[in-house]
Amino acid sequence: IYEIPTSEPGVITLTMDWSNIDPDLTPPPSYRVMFADYSAELSGTANTINNDFETGDYRLYAWNRADNISMDGTKASADYPAGQLGWLFACATDIAIKAGESHTFRGPMEQQVRQLTLVIETTGGMVDRVESISGTLSGVAGSYDIGVGTHDSPTDVELSFSKITSGTDAGKWSATVRLLGVTGT
């Protein structure tokens, strides 16, 4: 019997990069990370994970929970009738792991939900008689696949306009909606 020195197992340091999100937004308090057979809810910018993975190439996915958006695997689905979408951020990147070694990986988080505000100016002699304005925005993406980066499931989103009562746009009407994306033409 020989005494064989044991070495510390390697670790994976995962640093999430939030530089590509709107500067007015803040990163969410937590996010889900998934690669190989690993899946965990993490928080903060940098996390370490014990490297007990087999040597290989993997696809790393990360995303946060967002209001009115459900996840099934790597597919995000928006529930527009339920209300305003929350801010979804996601990442899909390839990583190569050598078993037992230490690695550092960067996960570039991308903002997936954008806010659209439409402003309408009514004109003509009947402007004061307009009581409400509603509309429908078609071609809105109902789903987004983080794994392949595609938008799908075209849907219509109802718009409800409100009259602007102050500022330079007073008298105009506006509607604001957050979108997972657009699809089709």
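**Aromatic rings**

I looked for aromatic rings first, and found that Trp 18, Tyr 31 and Phe 89 form one aromatic cluster. I kept in mind that this is a predicted model. How many aromatic pairs are there by the rule for rings? I counted five. One of them joins Phe 35 and Phe 53. I found their ring centres 5.0 Å apart and their planes at 40 degrees, so I noted this pair as tilted. The cut-offs explain the label: planes under 30 degrees apart count as stacked and over 60 as edge-to-face, so the rest are tilted.

Next I asked where the two residues of this pair lie. Phe 35 belongs to strand β2 (residues 31-35), and Phe 53 to the loop between β4 and β5. The pair therefore ties together parts that are 18 residues apart in sequence.

Phe 53 has another ring partner, Tyr 38. Here the centres are 6.2 Å apart and the planes stand at 85 degrees, so I wrote down edge-to-face. Tyr 38 lies in strand β3 (residues 38-42), while Phe 53 sits in the loop between β4 and β5, so this pair ties together parts 15 residues apart in sequence. Tyr 38 is buried, as is Phe 53.

**Asn 51**

I stayed with the loop between β4 (46-50) and β5, because Asn 51 is also there, and its relative accessible area of 4% makes Asn 51 buried. What does the side chain of Asn 51 reach? One of its polar atoms lies 3.2 Å from the backbone nitrogen of Phe 53. A polar atom of the Asn 51 side chain also lies 2.6 Å from the backbone oxygen of Glu 101.

I then listed contacts of Asn 51, leaving out residues up to four places away in sequence. Among them are Gly 10, Val 11 and Ile 12. Ile 97, Lys 98, Ala 99 and Gly 100 are on the list as well, and so are Glu 101 and His 103.

**Thr 93**

I moved on to strand β8 (residues 89-97), where Thr 93 lies. Thr 93 has 18% relative accessibility and counts as buried. The cut-off for buried is under 20%, so 18% qualifies. Which residues does Thr 93 contact, leaving aside neighbours within four places in sequence? I found Tyr 58, Arg 59, Leu 60, Arg 106 and Pro 108.

**Positive phi**

I checked phi angles next. Most residues other than glycine have a negative phi. Asn 68 has a positive phi, near 60 degrees, and is not a glycine. I located Asn 68 in the loop between β5 (56-63) and β6 (69-72). Asn 68 is partly exposed, with a relative accessible area of 26%.

Ser 153 also has a positive phi, about 55 degrees, although it is not a glycine. Ser 153 lies in strand β12 (residues 150-160). At 33% relative accessibility, I noted Ser 153 as partly exposed.

I traced an open sheet of three strands, in the order β10-β14-β13, with antiparallel pairing. Why does one side of β10 (114-120) lack a neighbour in the sheet? β10 and β13 (162-163) stand at the edges, each with a single partner strand, so one side of each is left without a neighbour. I counted seven bridges between β10 and strand β14 (residues 173-179). Within this sheet, Ile 120 stands opposite Trp 173 in β14.

**The whole chain**

Last, I stepped back. The chain has 14 strands and zero helices. I noted a radius of gyration of 23 Å, whereas a compact globule of 185 residues would have one near 16 Å. The C-alpha trace spans about 100 × 30 × 25 Å along its principal axes.

How much of the chain is buried? I found that 38% of the 185 residues count as buried. The accessible surface comes to about 11,100 Å², and 47% of it belongs to carbon and sulfur atoms. For contacts with a separation of 6 or more, I noted that residues 24 or more positions apart account for 64%.

Conventions:
Residues are numbered from 1 along each chain as its sequence is written. This is a predicted model: local features need pLDDT of at least 70, side-chain atom pairs count only at pLDDT 80 or more; totals for chains, interfaces and linings use all residues. Side-chain values use heavy atoms; hydrogens and water are left out. Buried means under 20% relative accessible area, exposed over 50%, partly exposed in between (1.4 Å probe, protein chains only). Two strands pair if DSSP finds at least two bridges between them. Contact means heavy atoms within 4.5 Å. A polar contact is a pair of N or O atoms within 3.5 Å; within protein, one must be able to donate a hydrogen and the other to accept it, and residues adjacent in sequence count only if both atoms are side-chain atoms. The radius of gyration is taken over C-alpha atoms; the globule rule is 2.2 Å times the number of residues to the power 0.38. Accessible areas come from the Shrake-Rupley method with a 1.4 Å probe; for residues, only the protein chains shown count as cover. Rings of Phe, Tyr and Trp (its six-membered ring) pair if their centres lie within 6.5 Å; planes under 30 degrees apart count as stacked, over 60 as edge-to-face and the rest as tilted.
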